[in-house]
Amino acid sequence: MRDGQVVKGVRFRDHRVVGDILELAARYRDEGADELVFYDISASPEGRGVDRSWITRVARILDIPFCVAGGIRSVAQAEDVLASGAEKISVNSPALENPDLIDDLSRRFGAQCVVVGVDSQTVEQGYRVQQFTGDVARSRDTSRNTIDWVIEAQRRGAGEIVLNCMSSDGVRRGYDIAQLCAIREVCHVPLVASGGAGAMEHFTDVFQTAHVDAALAASVFHSGEIPIPNLKCRLRGDGIEVRA
Amino acid sequence: MNPAQVVIVANGGANIASLQFALARLDVASTVSADSAQIRAASHVILPGVGAAADGMARLRQSGLDALIPTLQQPVLGICLGMQLLFEASQEGDARCLGIIPGAAARFAPAKTRPVPHMGWNTLDILKPCALLAGLTDGDYAYFVHSFALDVSAATVASTAYGADFSACVQWRNFYGAQFHPERSAAVGARLLKNFLAIR
C-alpha cells in the first residue's frame, strides 16, 4: 500500500502500482486467499501512521482475516487500526526502535493479534535484521542478529512472526528455505514465510521443508501468474492440508 | 417476525467493528452497548472478546454485566474469548468466569509441531444437531485464533483438533458459543451468524 494504492517492488525497491485496494481485496477473497496482509510501505520511513480510512472500507467487504502493517508505533495507533476492523497488527521498524512496544501491544490486545515482521538479509555471519526497508534512501542494516531478534520478539509477546527474506523478495526463485528452517528452530509461535515465491513448487517446498504455518506472496498473485485456486489444488495434491 | 434487535456487549475488545461489518453483510444492524437495560431488551446478544480472560471479566464486573448475562433469556452468542467467558473459569490469569456452562478453559500444551497461539483454518466435526450449525457439514473450515480452549464436554456441539480435540461450538440452553471467529470465517462464518439470528 502506498497512498491508497497497491504497489509491488523488487527486492523491496522500485515499487510500481498494481491495482486498487478494494478490487484486489475482493478478488483475493473470492479466489480463496486465507488471509491478507496490507503493508503501508510509505508509513514508517516518513514517521507517519497509516491512513485508516481504507481499513474500514476493506473490513466491510472482507470475510477473511487481515493484518495491517506499517507505521504503528503506539498502543493508541494499534487500537485505531483494530477498531477499524483489522484482525491483527504487524510491527517492524517501530519495534526495532522501541522493543517495549511489543510487550505493550501484547498486554493490551493479546499475543494473538500482535505480529512482528522481520526483514532479514543473509550476511557472511548469518542473518541480519534490516530496518526502514520501504524506502531505499533510509533502508539500513541494524546489526541485530535475526535469530536473536525472533527469540526476543516472542519473549516480549509476539504471537506471530512474518519473516521477509530480502535477498529472495520479488525475484521469484523460491523462499529462502535455509533461513526459514533456522528461524523455525527457534520460533514457537506461527511463522509465516515471505519473499521469493515464483512457482507453485516453491509453496510446496516451504511447507514441507521449512514447516512454516503459512506462506505469503504478492507478485505471483498480483500478476495472475499463479491463480490461488490452482495453487490450493496443487498443494492438496502434494499432501498439504489447505482450506477448500 | 420483528427484525432482530442485536446488541453486541461492549467489552473492551478492539475488534467489534469486524463483527458489526459481518452482521451488516447479512443486512442486520447492531448496537454496541454495556447498558443493562439495552442488553436485556435485545432479541439477540453477542458477547465478543479479544484479549485476556481476566481483563474481560474485570470489564464485565465493572459494568455489572457479570450478574446480568447469566440471567438472559434470549439467544446469547459468545465468540472466541466471549465463549470462554460463558464457562466457569479460565486458566488465563486464573480467571473466574460467568459460570453459565460447566468447564474451564485451559492453555494449549506447546509442542514442536503446534505453535501457540493456534491460528488458522481448522475443520469442524459436528457432534450434535444444533440450530447454530444448520447447513454446516463436517469438514467445513473456520478461522481460529486462540491460546486457550475448552475440552469437549456435554455442551459441545462441534469440535475440532489441535493436538487433542476441543470445543469449536457449544450450546447450553439459550447460550451458544463459537471458539472461532465467524466474522472472519468466510461463508461458513456468515452461515453460523445467520443461523444464530434465526434462533428465537
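Helices (H or I, at least four residues) and strands (E, at least two) are DSSP runs, numbered from the N terminus. This is a predicted model, in which local features need pLDDT of at least 70, side-chain atom pairs count only at pLDDT 80 or more, and totals for chains, interfaces and linings use all residues. Residues are numbered from 1 along each chain as its sequence is written, while chains are lettered from A and ligands numbered from 1 in the order in which they are written.

**View 1. The end of helix H6 of chain A.** H6(A) is followed by A:Gly157. The phi of A:Gly157 is positive, near 120 degrees.

**View 2. The buried side of H6(A).** Helix H6 of chain A spans residues 146–156, and its buried residues (20 or more other C-beta atoms within 10 Å of their own, C-beta atoms being placed from the backbone) are A:Thr146, A:Trp149, A:Val150, A:Ala153, A:Gln154 and A:Arg156. These residues lie on the same side of H6(A) because they cover an arc of only 165 degrees around the axis, taken from the directions from the helix axis to the C-beta atoms. An α-helix has 3.6 residues a turn, so residues three or four places apart point the same way.

**View 3. Where chain A meets chain B.** Here 25 residues of chain A are in contact (C-beta atoms, placed from the backbone, within 7 Å) with 25 residues of chain B. Helices H2 (53–61) and H3 (75–83) of chain A each supply at least two residues of the side that touches chain B, and H3(A) gives the largest share, three residues.

**Confidence.** The model scores ipTM 0.90 and pTM 0.91.

Conventions. Two residues are in contact if their C-beta atoms, placed from the backbone, lie within 7 Å. A residue is buried if 20 or more other C-beta atoms lie within 10 Å of its own, exposed if 12 or fewer, and partly exposed in between; C-beta atoms are placed from the backbone.
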